[in-house]
Every structure is written in structure tokens, then in C-alpha cells.
Amino acid sequence: MSGLPYLRALRKSGLVNIAEETDFSDADSYNKNDLVVALDKHLRDNQSIFSGLESLSAYYARLDTPRKGQSPTKRTTRTPGRPPAKKEPEPKEESSEPEYAQKPIESLTVVSPTLARSRSTARQSQQTPKQPRRISSISVVEDAESPLPASPAVVTEVIDHQTTKIYEGAQRAWRSFGFIDGVHHVRENLSSLKAIETIVLLVEGVTLVRARIPIRFLTTVPAIKYFKTAPVRVRVPDLFQILESDFWLPISIWLATSFLLPLLVSYFINLSWKANGSGRRTRSSPALAQFDPLIFNIAKALLVHIVLGKEVGFGIVDTYNIKTVKAGVPGGVTGLFTGAAIGAVGAIYEAILTRA
């Protein structure tokens, strides 16, 4: 009996293990069907060497088991289950048909050549339908040794393998663009209190600058009849406004109340220095911030309330520029208070995480 069905029932990893035990080289370079055929031939050729292995006992047991309706020792042309005919000495008289002299005689009765011919014809007619059975058994053996269609398990394994290869190729292509690394880098930079404070200040400053730089009409692009387009009016920002003092006075007020003065206060009033023990600290101290973020946002809220909310100019700035700042930033005074509150909450949360 062929051992191919037993080998096909195994996974490729099991086939590779058998190949390693039997010194079959380059097993990984074969696909499963080719490996089954090559390994079956290798085990048949070396049966005397590997038949004693315990891992191959099931294979050689199948190999030694005869097929149904077949002799366990050797295939013969004789039909199974029919008793062999007894041979008798050839008759002394020569027959006109020499082929019948070779046939065994089933009875001791001497028959005429005509009767012998009829019996021989009947015997051949009885054996004729059984001859294709022998040929079919041989063809079954040959078909068993030829590659059979893949089983559903093999098809599933191949699909999983191809899916894994496609997924890994897509990941390599995606990493080659550097998009994932860029996303992680942006995430790392934005996950800090300094990034939050910078975003708040950028929103306030950019909105105020856009409010102070007017958009002027420049020219009109005429219509193109061929493309059936309408005339387009071109407007551009008036950058010459930057050269005037009316632009810089509101910007200076916002910059002083929202960034410079709170930063100065948070440098000199730094609660983290006292909280981390006594003694003089230097700039090289890595565990302490040079500016206290909570004090920075508290000082910013107080300055916004006094200068912009109460419109107290301290004799330095006029009320017109203060109102210009309040009209330029998003949300006015409330928007500035919101930015300070976001920074204060972020500072407290960062301090809690650091302590934890």
C-alpha cells in the first residue's frame, strides 16, 4: 500500500521534521505536494535504514499493509480466491494446437481436442472480465503515487501564507515612505505641555496678525471664452501694513500680556524648586523646569484680566489698541482666559503624572 496518503495528511512542519530525521536535504525549498512525493521516494529507497524509527512506524506500517483484495506478498495475475488448478502430465499424443498443451487440466478425464478447445474458450471468457481488475489495481497504485488535488487544509494553508506575505509587503512599503515614523514623531512632540502652550499661543497670535493685515483687491483675471470661465477678482494681503505702527502696537500688547511678562514671572516664581528640596540649583539640573508652567498661566490670566479685561493701560498703552487686541484674538478676553485655563490644567496633570 502507498504511504502517500499518510504523508499528505501531515502538515509541512511535520514533513520537514521527518526530512531532518532521515537526512533529506533542502526540504524547505519544496512546496508541500513536491515534498510529499520526494520524501515518499526517499523513504521507500531507504526503508531498510529508517524502518526502525518510531516516528516512521505508522508510515512503514501503511507501506507494508496490502491493498484490499491483493496478496500481501506479491501481485500475481491469478484471480484472488480461486484455487489453483492442478497440473497433470501432458498427454503423449501431440495436439494440433500447441498452446493448449501448456494449459493445466482440471479433470482426470481425457477429452477430445474439440472439447478441450471449448473448455479453454470458456475459461478464457471467465478470466476476461477479471483482467481489467488487475490493470485497474495497478493504475490505482500509479495514481496514488502521482500528485493528487490539494486538500482544503492545504488550500487554507497556502491562502494564509500568501495573505501573510501580502500583509508584510504592504507593511514594508508603508514603512519605506516613513509615514508611520513621521506620525510617531509628531505624536511624541505634541505629547507635552510645551506643545500645548505653543499651540495656544500660535492660535492667538496668527488670528491677531490676520486681523491686523487687511486683504486688498489687486486685479481681475479676465474671462477665457475657450474654457467658458468667469472673471476672477484677485485679492492679496496688504503686507505694507507691517511697516506701520498701528500693526505693531496691538501685537506688542498681546505679546507682553500673554507671553513675555508671564514667562518672566514663572522664571522667578518657580514652586518646583522649593518642592524638590533646599539648596542652590544650577541650569544643569535636569529634573527641574526653568519656568513653572502653572505660574506662567496664572500670571497670564491675571495680566489679561487687568490689562485687557479692565482696560488698564498704566499710562503706556491707549484704550484703542487694547480694544484692537480684544477684537483680534479668538473669543476676546474669554478666549485668552480659556487658553490660560488649558495651560494650567495641563501643568497640574503633568505634575501628577510626574509624581506618580
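Phe-314 sits in the loop between helix 13 (293-309) and helix 14 (319-328). This is a predicted model. The phi of Phe-314 is near 55°, a positive value in a residue other than glycine. Most residues other than glycine have a negative phi. Phe-314 counts as exposed because its relative accessibility is 61%, and the cut-off for exposed is over 50%.

The loop between helix 13 and helix 14 also holds Glu-311. Glu-311 forms a salt bridge with Lys-326, and their closest N and O atoms are 2.8 Å apart. Lys-326 lies in helix 14, so the pair ties together parts that are 15 residues apart in sequence. Glu-311 counts as partly exposed, at 28% relative accessibility. Lys-326 is partly exposed too, at 22%.

## Other salt bridges

The structure holds five salt bridges. One of them joins the side chains of Lys-41 and Asp-45, at 3.1 Å from N to O. Both residues lie in helix 3 (residues 32-45). They are four residues apart, about one turn of the helix. Lys-41 counts as exposed at 53% relative accessibility. Asp-45 is exposed as well, with a relative accessible area of 52%.

Another salt bridge brings together the side chains of Arg-216 and Asp-238, again 3.1 Å from N to O. This pair links distant parts of the chain, 22 residues apart. Arg-216 is in strand 1, and Asp-238 is in the loop between strand 2 and helix 11. Arg-216 is partly exposed, with a relative accessible area of 42%. Asp-238 counts as buried because its relative accessibility is 17%, and buried means under 20%.

The phi of Lys-228 is near 55°, a positive value in a residue other than glycine. Lys-228 is exposed, with a relative accessible area of 77%.

Gly-178 has a positive phi as well, near 75°. This glycine follows helix 8. Helix 8 (residues 152-176) has 25 residues. From its first C-alpha to its last, helix 8 reaches 36 Å. That is close to the 36 Å expected at 1.5 Å a residue.

## Surface patches

A nonpolar patch lies on the surface. Its members are Leu-261, Leu-264, Val-265, Tyr-267, Phe-268, Ile-269, Leu-271 and Phe-291. Together they have about 750 Å² of accessible area. Helix 11 (residues 245-268) gives the most to this patch, with five residues. Phe-268 lies in helix 11. Phe-268 counts as exposed, at 64% relative accessibility.

The surface also carries a patch of negative charge, where Glu-20, Glu-21, Asp-26 and Asp-28 gather. Glu-20 lies in helix 2 (residues 12-21). At 56% relative accessibility, Glu-20 is classed as exposed.

## A contact across the sequence

Tyr-349 belongs to helix 15 (residues 332-355). Its relative accessible area is 53%, so Tyr-349 is exposed. Leu-193 is 156 residues from Tyr-349 in sequence. In space, the two are 9.4 Å apart, C-alpha to C-alpha.

Technical notes: Residues numbered from 1 in each chain as written. Predicted model: local features only at pLDDT ≥ 70, side-chain atom pairs only at ≥ 80, totals over all residues. Heavy atoms only, no water. Patch = residues over 30% accessible without salt bridge, like charges linked within 9 Å, V, L, I, M, F, W, Y side chains within 5 Å. Areas by Shrake-Rupley, 256 points an atom, 1.4 Å probe, with all protein chains shown as cover. Salt bridge = Lys/Arg side-chain N within 4 Å of Asp/Glu carboxyl O. Lys, Arg positive; Asp, Glu negative; His and termini not counted. Charge placed at Lys NZ, Arg CZ, Asp CG, Glu CD. Helix = DSSP H or I, 4+ residues; strand = E, 2+ residues; numbered from the N terminus. Buried < 20%, exposed > 50% of the residue type's maximum accessible area, 1.4 Å probe, protein only. Expected span 1.5 Å × (residues − 1).
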